[in-house]
Amino acid sequence: MRSAQRFDGPSDLHLHSNHSDGTQPPSEVVRQAHAHGIRTLALTDHDRTTGWEEAGRAAAELGMTFLPGMELSAKHEWRSVHVLGYLFDPIDPALAAETDRIRGDRVGRAERIVRNIGRDYDLHWDDVLAQTTQDATVGRPHIADALIARGIVRDRAEAFDGILHPREGYYEPHYAPDPLTAVRLITRAGGVAIIAHPVTSGRDRMMPLAFIERLIAEGLGGFEIDHRENTEDGKRLLRSIAAKHDLIVTGSSDYHGAGKPNLPGENTTADDMVARIIDRATGTAPRYP
Ligand code: AMP
Ligand code: FE
Ligand code: FE
Ligand code: ZN
């Protein structure tokens with residue numbers, strides 16, 4: 001395959017910067033990936049593409065291949081579903097309108113969560129703004145950072161296990177499209193749609209199989225299987241579905257800087273699968289060194 005000869009592995013296709021809920025600027029994310037041995041990476045900030053340029057420049061300086069990407073927020077019934085998009089056109093009007101809508105609604109939602117928490121704890125919206133870079137996709141991780149700064153919790157994990165967990169009663173949902181819409185938007189923008197961590201345990205556990213088959217019919221490219229939050233049983237099931245439908249399977253770190261224990265390269269994607277993503281996409285070219 002021609003494209004397969006143009007990039008070097010190991011490849012990590014899921015990392016976040018401070019343009020969403022990672023703690024480092026895109027260039028630092030790229031440097032960290034390089035320091036952990038990664039040679040091809042994708043930046044996949046939630047609902048946002050503004051980190052691409054800086055990440056692409058940093059990757060070029062280090063002789064790495066950069067795949068522009070994004071993790072699009074979606075929702076199936078009560079489940080939060082994340083759809084990774086690779087190499088789509090960032091100015092596709094339908095996709096851009098949807099990410100604007102999601103990010104806009106996330107702000108009001110975060111304010112509502114903070115107001116709920118503020119009834120019981122000394123936490124204010126300004127505390128969250130102090131933890132958020134300009135225009136970043138705002139999420140519970142930034143509220144977690146504000147709780148840490150206030151000395152209410154020790155780290156993001158403690159915040160998510162406690163105050164930010166829906167069972168505690170402070171949680172509010174945000175607008176997100178149906179996964180079918182998410183897959184269609186990414187695909188029509190020339191990108192490749194891959195379901196992120198599809199088989200986690202707990203509240204967001206797997207979508208029904210019949211619904212996954214509908215996503216495949218809609219153009220779904222594949223699944224992120226090697227991810228620390230997928231269950232072992234779930235990985236086996238996904239591998240069999242992927243084999244049956246000849247889908248792409250990936251492995252990634254979901255690095256968030258200091259925001260999560262995940263480290264670049266803790267899971268990687270096989271070269272032939274990276275090549276399939278590159279060969280299938282038409283929206284944006286990879287940035288080769
Ligand atoms: P939100 O989209 O605002 O509901 O927040 C979800 C985000 O929080 C996800 O993108 C995760 O990266 C992050 N997250 C979820 N659980 C944890 C955790 N235990 N520790 C750190 N970050 C987390
Ligand atoms: Fe995140
Ligand atoms: Fe995710
Ligand atoms: Zn992620």
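Which helix gives the most to the shell around ligand 1? In this predicted model, helix 6 does so, with three residues.

**Surroundings of ligand 1**

- Ligand 1 is surrounded by 14 residues, and the closest are His46, Arg106, Arg109, Arg140 and His256.
- By class, the shell around ligand 1 comprises six charged, five polar and three nonpolar residues.
- Domain 1 (2-98 + 175-280) and domain 2 (110-168) each supply at least three residues to the shell around ligand 1.

- The side chain of Arg109 places an N or O atom 2.8 Å from an oxygen atom of ligand 1.
- For Arg106, an N or O atom of the side chain is 2.9 Å from an oxygen atom of ligand 1.
- His46 likewise has a polar side-chain atom 2.9 Å from an oxygen atom of ligand 1.
- The protein buries 81% of the 500 Å² that ligand 1 exposes when taken alone.
- Two or more residues of the shell around ligand 1 come from each of helix 3 (93-118), helix 5 (140-149) and helix 6 (156-161).

**Iron site**

- Three residues coordinate the iron ion (ligand 3) at 2.0 to 2.2 Å: Glu71 through OE, His82 through ND1 and His197 through NE2.
- Along the chain, the donors of the iron ion (ligand 3) follow the spacing E-x10-H-x114-H.
- A distance of 5.4 Å separates the iron ion (ligand 3) from the iron ion (ligand 2).
- Glu71 belongs to strand 3 (residues 65-76) and His82 to strand 4 (residues 79-86), so the pair ties together parts that are 11 residues apart in sequence.
- Both Glu71 and His82 are buried, that is, under 20% relative accessible area.

**Position of Gly63**

- Gly63 is located in the loop between helix 2 (52-61) and strand 3.
- The relative accessibility of Gly63 is 38%; because this value falls between the 20% limit for buried and the 50% limit for exposed, Gly63 counts as partly exposed.
- Gly63 and Pro289 are 226 residues apart along the chain, yet their C-alpha atoms are separated by 4.8 Å.

How values were computed: Residues are numbered from 1 along each chain as its sequence is written. Chains are lettered from A and ligands numbered from 1 in the order in which they are written. This is a predicted model: local features need pLDDT of at least 70, side-chain atom pairs count only at pLDDT 80 or more; totals for chains, interfaces and linings use all residues. Side-chain values use heavy atoms; hydrogens and water are left out. A residue is near a molecule or strand if one of its heavy atoms lies within 4 Å of it. A polar contact is a pair of N or O atoms within 3.5 Å; within protein, one must be able to donate a hydrogen and the other to accept it, and residues adjacent in sequence count only if both atoms are side-chain atoms. Accessible areas come from the Shrake-Rupley method with a 1.4 Å probe; for residues, only the protein chains shown count as cover. Helices (H or I, at least four residues) and strands (E, at least two) are DSSP runs, numbered from the N terminus. Ala, Val, Leu, Ile, Met, Phe, Trp, Tyr, Cys and Pro count as nonpolar, Asp, Glu, Lys and Arg as charged, and the others, Gly among them, as polar. Domain bounds come from an automatic or database domain assignment. Donors are N, O and S atoms within 2.8 Å of the metal (3.2 Å for Na, K and Ca); water is not among the atoms, so sites may look incomplete. Buried means under 20% relative accessible area, exposed over 50%, partly exposed in between (1.4 Å probe, protein chains only).
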